[in-house]
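Hi everyone, thanks for making time. Let me put the structure up, and then I'll walk you through its contacts, its salt bridges and its cores.

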Amino acid sequence: MTLSFLAMLLRVAALLAAGFVGFCLLLYWRQEAMLFFPEQASLATVRHEAGIVGFRLWPDETTSYRALLAEPPGPVTATCIVWHGNAGSARQRDYLAGPLLQLGLRVVVAEYPGYGARPPGSRREAVLAAEAKALTSDVQQYFGGPVVLLGESLGAAMAAAVAGDPAIAVAGIVMITPWHDLAAVGRVHYPWLPVGLLLRDRFDNAAALQAYRGPLVVVTAVADEIIPAAEGRRLYQALPTPAKCLHEIPGAYHNDWVGRVTPDAWREWLHFITTGR
């Protein structure tokens, strides 16, 4: 090997390394756009489309709303606060609200900043967690009665942040297609990247729930191609609460699980939340 050939190899290696570092830096600064996929609309559109599926804006009908509210047809047994996944917006979550309403729960579906008609705002983990806790406190004060938390996918991290706060008392929590921690999911999809070093926000559900001892249901989609079911199982194993239940949906993918869940399953989850068994 000649010195000139070795020098060329070193230059190529240096260029590849520089390109890799540059790509990592791009991912570091762009990760919010890779994690959140908001669906935006005018306030009039949100009001109209939310009304069609039985929601109204809460606590008011302006762009300062923070959630959509739906009331059950009969007596209210509890209030369920829902945090949805990273795509779409709250008014598209009637598939989550429907079964809960039929079981007598009032449903409050949180809206993230920049989603629906809400103005843009920070979606850093600390900001979202603080907003989720504030929303829960406001719901408790306004409606009274027991409060159940439900988080789907990314939304499970918001529910975990609230439930894991000893200052906030909740009746129980349902986590649907959750992860153990975001870094682990990143390593599944990008095994060639130093994901742990690049993440600006951890969204670590297992860590957030270490102080929680109430009833908790973990639901996994066995064929989930986005958040592997193994991550939900790993989260379940890491939970210290003695009142925990794991429900796995055979054959379900990340976005079709709801069509594979029966009304009896929803009833069982809520029964476990209220009884711990």
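Among contacts in the chain between residues at least 6 apart in sequence, 74% join residues at least 24 apart; a contact here means heavy atoms within 4.5 Å. Please keep in mind that this is a predicted model, where local features need pLDDT of at least 70 and side-chain atom pairs count only at pLDDT 80 or more, while totals for chains, interfaces and linings use all residues. Residues are numbered from 1 along each chain as its sequence is written, and side-chain values use heavy atoms, with hydrogens and water left out.

Now the overall picture. The chain has 10 helices and 10 strands, which are DSSP runs numbered from the N terminus (helices H or I, at least four residues; strands E, at least two). The C-alpha trace spans about 85 × 45 × 35 Å along its principal axes. Of the 277 residues, 47% count as buried. For burial, I use relative accessible area with a 1.4 Å probe and protein chains only: buried is under 20%, exposed is over 50%, and partly exposed is in between.

On to the salt bridges. How many does the structure hold? There are 15 salt bridges, each a side-chain nitrogen of Lys or Arg within 4 Å of a carboxyl oxygen of Asp or Glu. Let me show you three of them.

Look at Glu 49 and Arg 91, whose closest N and O atoms are 2.7 Å apart. Glu 49 lies in helix 2 (residues 43-52) and Arg 91 in the loop between strand 5 (87-88) and helix 3 (94-102), so this pair ties together parts that are 42 residues apart in sequence.

Next come Lys 133 and Asp 165, with a closest N to O distance of 3.5 Å. Here distant parts of the chain are linked: Lys 133 sits in helix 4 (residues 125-143) and Asp 165 in the loop between helix 5 (155-163) and strand 8 (172-176), 32 residues apart. Lys 133 is partly exposed at 27%, and Asp 165 is buried at 18%.

Arg 234 belongs to helix 9 (residues 229-238) and Asp 181 to the loop between strand 8 and helix 6 (182-189), so to speak across 53 residues of sequence. Arg 234 is partly exposed at 37%, while Asp 181 is buried at 10%. Going back to Arg 91 for a second, salt bridges that share partners join Glu 39, Glu 49 and Arg 91 into one network.

While we're in helix 9, let's stop at Glu 231. Glu 231 is buried, at 8%, and beyond four places away in sequence it touches residues including Trp 179, His 180 and Asp 181.

Finally, the cores. A nonpolar core is a set of buried Ala, Val, Leu, Ile, Met, Phe, Trp, Tyr and Cys residues joined through side-chain atoms within 4.5 Å. Which members of the largest one touch the most other members? Of its 46 residues, they are Trp 83, Leu 149, Met 158 and Phe 203. Helix 5 gives this core its largest share, 7 residues. Apart from it lies another core of 36 residues, among them Phe 55 and Ile 176.
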